[in-house]
Amino acid sequence: MVSKTDSGKMYRNECTGDALETVKSHTEDQDLTLFGSCFCPFVQRVWVSFEYLQIQYKVYEVDPYKKPKDLLEVSPKGLVPGLKLNNFHPPRALNESTVILEYINDLAVTSNGRSLLPPTTNPCNIIDARALVRLQCDHVNCSLVPSFYRYLQAQDQDSQINGGKEFHESIEGLVELLERTEKEKALAVGLGLWIPENEEDLGLVDVMAGPCKTHRRNAKFYLPLKQYRGFELPRGEKFNRWTSKLFDHPSFKRTCNTEGSYLDSYERYAFNRPNTSQVANAVNSGRGLP
């Protein structure tokens, strides 16, 4: 049943469920500290990657809406995720999820050989495999994520209908890119779980799009759309296989909160409360996401 009344619920400040257990196991000081918030899909991208790439890290939960000083030191806009590099004197920092993903992936390649990308030696016969993966990720950032927020924040019926169509078309666009990569690949390595023979090897597009697609008990983006807009994900054999493998993956499971945490945190978007976030304000003004 679609929720049509704003109950005034606020965003959660602390992780719950499996994510809470993961936080508890990453409290000791490390060379890398991940600044994050439990409700943020951009944080989960990085968090899943840390888990999969098997890089040691510390989790530091912050409230990005209060803009604490230590967060601003690593992320000048006060946005999460932020990454503090403690092995420099003084410490250095990175922000923006895609930048952090590239950084920790390069770190993993040189330290333990794990990677979210195809190897540079991959003899792709048509187009470099890494370029195809980055096309997928660009679609996620420029189409899938913005269309989700526009859909969730739409208030009148016509806008919601159009928002649902746009989000559905964005999912279809990603599937087309995934199928193109499957068709043009020479090796399956580094291309993610869409490739049938890949059962455990996450790819960059998996961690980029995963927080937008979850559809079972560990729901993130999809659950608020179902709760507040009555949206149902498209169905298809390949798509269902991909999402099943993705959200059964241990690295995703370990970073997922309880359903209530996501529903509470996204209610303010669903009713488009004023000054909900920098993301919400950007959507309302027609600007690109910060």
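K226 and E232 form a salt bridge in which the closest N and O atoms are 2.6 Å apart. A salt bridge is defined here as a side-chain nitrogen of Lys or Arg within 4 Å of a carboxyl oxygen of Asp or Glu. Side chains of opposite charge can pair when their charged atoms come close.

K226 is partly exposed, at 35% relative accessibility, and E232 is also partly exposed, with a relative accessible area of 41%. In these terms, buried means under 20% relative accessible area, exposed means over 50%, and partly exposed lies in between (1.4 Å probe, protein chains only).

## Basis of the model

The model is predicted: local features need pLDDT of at least 70 and side-chain atom pairs count only at pLDDT 80 or more, while totals for chains, interfaces and linings use all residues. Residues are numbered from 1 along each chain as its sequence is written, and side-chain values use heavy atoms, with hydrogens and water left out.

## Pairs that link separate parts of the chain

The structure holds 12 salt bridges. One of them joins R273 to D6, with 2.7 Å between the closest N and O atoms. This pair links distant parts of the chain, 267 residues apart: R273 lies in the loop between helix 11 (259-270) and helix 12 (278-285), and D6 in the segment before helix 1 (17-24). Helices (H or I, at least four residues) are DSSP runs, numbered from the N terminus. R273 counts as buried at 16% relative accessibility, whereas D6 is partly exposed at 33%.

A further salt bridge connects the side chains of E102 and R134 (3.3 Å, N to O). E102 belongs to helix 4 (residues 97-111) and R134 to helix 5 (residues 129-153), so the pair ties together parts that are 32 residues apart in sequence. E102 is partly exposed, with a relative accessible area of 28%, and R134 is partly exposed at 35%.

## A negative surface patch

E169, E172, E176 and E179 form a negative surface patch. Patches consist of residues with over 30% relative accessible area and no salt bridge, and like charges are joined within 9 Å. The accessible areas come from the Shrake-Rupley method with a 1.4 Å probe; for residues, only the protein chains shown count as cover. Asp and Glu count as negative, and the place of a Glu charge is taken as CD.

E169 is exposed, with a relative accessible area of 54%.

Terms used: Helices (H or I, at least four residues) and strands (E, at least two) are DSSP runs, numbered from the N terminus. Patches are made of residues with over 30% relative accessible area and no salt bridge: like charges are joined within 9 Å, nonpolar side chains (Val, Leu, Ile, Met, Phe, Trp, Tyr) within 5 Å.
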